[in-house]
Amino acid sequence: MAMLRSYLKIALRNLLKSKISSFINITGLAVGMAVAMLIGLWVWSELTFDTHFANYARIAQVLQNGTYSNEVGTQSEIPPPLGPELRNTYGADFKYVVMATDIRPQALTFEDKKFTQNGASFGAEITEMLSLDMLQGSRKGLKEPNSILLSETLAKTYFGDAEPLGKIMQISEQNYKVTGVYADLPRNSSFNDLAFITPWNENEPYIKNYLDNWGYNSFNAYVQLAEGADMAQVSAKIKDIKYKKVNKEGQKYKPEMFLHPMSQWHLYSEFEGGKSVGGHITAVWLFGIIGAFVLLLACINFMNLSTARSEKRAKEVGVRKAIGSRKNQLIGQFLSESLVVACFAFVLALLLAQLSLPFFNAVADKKMSLLWSNPVFWLLGLGFALGTGLLAGTYPAFYLSSFQPIRVLKGTFKAGRLASIPRKVLVVIQFTVSIALTVGVLIVFQQIQFAKNRPIGYDTSGLIVLPTPTMVIHEHFDAIRNELKNSGVILEMAESHSPMTELNLALDGFDWKGKDPNMQVSIGTELVSHDFGKTVDWEISAGRDFSRDFASDSTGIILSETAVKYMGLKNPLGEVIKSQNFSPEPIFFRVIGVVKDVLMESPYEDVRPMFYTLNRWRGNFAVLKLNPALSAQVALAKIAPVFQKHNPSAPFDYQFVDAEYGKKFAAELRVGRLAGFFAILAVFISCLGLFGLASFMAEQRTKEIGIRKVLGASLGNLWGLLSREFVGLVLLSCVLAAPIAYYYLHGWLQQYEYRTEISWWVFAAAAVGALGITLMTVSYQAVKAALVNPVRSLKSE
């Protein structure tokens with residue numbers, strides 16, 4: 001204990017004695033540790049996605065692979081007959097089979113309260129499958145017809161502290177009885193935005209009309225395996241379940257169904273060639289590696305400054321060895337000093353992490369917090385601090401304890417030129433990592449901007465979309481359109497099946513002349529009203545748009561340019577396309593026009609072939625083009641009363657299409673901003689170390705600088721002398737960082753079908769930035785040393 005107290009005293013004295021070095025070490029380690037903490041919280045949140053569900057390991061979603069233009073594609077949309085077929089044919093393998101609609105915004109009304117909330121229809125077993133925590137009612141609540149389960153937050157929104165059970169709410173003019181309230185699902189859950197659940201009802205026209213249609217891919221299927229069932233084996237069993245129903249004589253293509261486990265939904269959601277190729281797990285690995293490297297950069301600072309100041313500790317080592325200290329005791333002393341620094345840094349890191357969390361949560365779109373009351377957190381934190389101290393202090397401890405006492409005490413010990421090589425190597429590693437991170441950030445934002453500049457085939461300016469979940473808007477569509485056009489607030493208005501930035505329907509029941517019988521079709525299908533093209537301002541490249549002047553347009557169809565290529569049509573106008581998607585009897589559509597591709601899905605992927613036909617029922621959305629002569633605020637204030645007059649039970653809820661399209665870049669922007677944040681911190685830590693080394697070098701060369709000034713050296717000469725070595729190291733780092741960054745970023749870009757090229761200027765910009773920051777960091781110490789009066793430098797001689 002006496003020895004430990006002695007180590008602690010010496011450690012504290014050395015910290016106070018070398019204030020600049022101590023500040024750099026503690027600050028650098030604290031920033032590195034804070035970054036590692038924040039990234040650790042984020043990675044843990046991602047890795048534990050969905051794990052709170054009790055049946056997590058046995059839940060899966062049914063997906064299907066299909067061959068489209070000789071390429072295998074994967075989609076989550078499946079036909080409605082799949083659910084009953086799974087139950088009837090493979091019932092022993094499944095505990096639950098749940099059919100569902102997509103989670104989407106719907107107008108939910110109770111008395112005078114009208115809000116748009118996210119909800120979906122699920123089979124009644126979803127409550128058991130997801131092990132919902134029922135605060136009121138029971139998990140059997142969905143078994144009642146026209147029932148509805150509310151999340152805790154939604155129940156409070158509508159009912160406050162009043163009793164919600166038994167209350168009647170309306171969705172699309174349909175009454176639903178509240179039969180239960182469940183606890184809000186965690187944010188790191190695939191169902192986190194599920195505010196309410198209604199029962200899957202096979203008698204609803206939207207579902208009933210397609211119960212036997214294996215080509216109508218517009219629903220979802222979730223399963224929970226029976227006890228003892230193996231996920232891979234069951235997935236192999238159901239592979240041909242759809243093919244057996246749609247197989248035609250001579251047909252070679254095979255739609256294949258498979259199970260996608262819940263454990264892979266969030267992190268392994270991307271498919272290529274029908275197989276999982278990763279997904280969000282790439283970001284988890286990326287930020288995990290960044291966190292480790294940023295912490296390593298801080299440790300390198302400690303190593304460099306400790307070994308750089310070795311000559312000042314040399315006599316202390318010599319005296320200790322001369323009076324009997326063993327090498328392992330000296331190693332213990334120096335390690336204890338690094339552990340003291342690490343402990344101070346850990347305390348500061350906790351403060352930095354806590355202060356940074358609001359900003360970090362906003363950028364990462366999370367709600368994370370430090371687990372102050374969790375003993376496991378403190379145990380891990382203590383281990384983390386000790387591990388960091390050992391990582392940072394091991395090399396300096398062995399280096400300092402290796403000095404020979406005879407040479408040290410005789411005064412003949414000099415570190416020599418070779419002693420600086422390890423420090424130079426570490427500085428090169430620091431800046432190689434920092435420059436590679438900087439290049440990565442620039443490429444991420446270049447890819448985002450490249451995708452933003454992609455032609456989308458329509459004009460988003462002044463375009464808004466409103467959900468129209470009831471027949472009311474459809475029935476009064478012409479009256480609403482005429483009133484709004486006559487008032488001058490809109491230029492045009494139309495109905496559509498999907499919003500402009502999503503595609504809700506992909507169908508495969510199409511045939512045409514010359515179609516390859518082995519070709520599996522999956523074509524995006526948008527059901528629109530006559531004035532859709534005028535509203536969105538799409539571009540007709542051949543033929544004409546839909547028109548009320550042609551009664552035959554009820555069976556007219558417009559193709560996208562990609563669809564024409566996909567179908568292999570040289571002269572598409574007038575071609576007949578047979579469809580069995582919309583009624584029991586086939587419908588024959590005639591091509592009346594071709595439009596430039598309209599981008600409705602991911603801006604990073606190839607555009608899907610699209611068919612546009614006139615809507616045979618009501619549209620799910622109203623699309624309005626605002627009059628640019630009026631401000632959006634004024635126009636919306638005039639539009640809202642018109643919609644509410646015709647549909648008073650629904651809220652006036654709208655989205656600007658350009659804002660919704662911008663959300664498609666959110667994930668990449670998040671990655672870019674997080675990487676940028678950590679790259680800035682990495683550069684800051686590297687510059688801290690560089691500042692410390694420059695300070696030490698200037699101190700060591702004080703007399704040399706004085707002699708050079710006496711002999712006529714100018715300020716510029718001395719500045720170049722002290723800066724040259726660091727500039728060389730950073731240039732070497734640029735050379736090393738370029739191929740490393742190119743290799744990994746080229747691989748990252750391959751996940752996007754629509755991607756930018758890696759330009760030379762990105763590397764040049766990163767190099768110029770690194771050199772500029774290096775010169776600014778080093779110049780302060782260089783100029784300060786060069787301005788010292790040589791009389792003061794040389795008077796001791």
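**Close-up views of a predicted model**

**View 1. Helix 23 and helix 24 are roughly antiparallel to each other (an angle over 145 degrees).** This is a predicted model, in which local features need pLDDT of at least 70, side-chain atom pairs count only at pLDDT 80 or more, and totals for chains, interfaces and linings use all residues. Residues are numbered from 1 along each chain as its sequence is written, and side-chain values use heavy atoms, with hydrogens and water left out. Helix 23 covers residues 702–710 and helix 24 covers residues 715–749. Helices (H or I, at least four residues) and strands (E, at least two) are DSSP runs, numbered from the N terminus. The two axes come within 10 Å and cross at roughly 150°. Axes are lines fitted to C-alpha atoms, for helices over the stretch in contact, and angles run from 0 to 180 degrees between N-to-C directions.

**View 2. Side chains meet where helix 23 and helix 24 touch.** Helix 23 brings Glu704, Ile705, Arg708 and Lys709. Helix 24 brings Leu718, Leu721 and Leu722. Contact means heavy atoms within 4.5 Å. Four of the residues in this contact are nonpolar, none is polar and three are charged. Here Leu and Ile count as nonpolar, and Glu, Lys and Arg as charged.

**View 3. Helix 20 has a buried set of residues.** Helix 20 runs over residues 632–646. Its buried residues (under 20% relative accessible area, 1.4 Å probe, protein chains only) are Ala635, Leu636, Ile639, Ala640, Val642, Phe643 and His646. They pack against several elements, among them strand 16 (463–467), helix 17 (477–487) and strand 26 (621–626). The expected span is 1.5 Å times one less than the number of residues.

**View 4. Asp50 has a positive phi of about 70°.** Most residues other than glycine have a negative phi. Asp50 lies in the loop between helix 2 (19–47) and strand 1 (59–68). Is Asp50 buried or exposed? Asp50 is buried, at a relative accessible area of 0%.

**View 5. Asp537 also has a positive phi, near 60°.** Asp537 sits in the loop between helix 18 (532–536) and strand 21 (540–543). At 48% relative accessibility, Asp537 is partly exposed, a class lying between under 20% and over 50%.

Note on methods: Angles under 35 degrees count as roughly parallel, over 145 as roughly antiparallel, 65 to 115 as roughly perpendicular and the rest as oblique.
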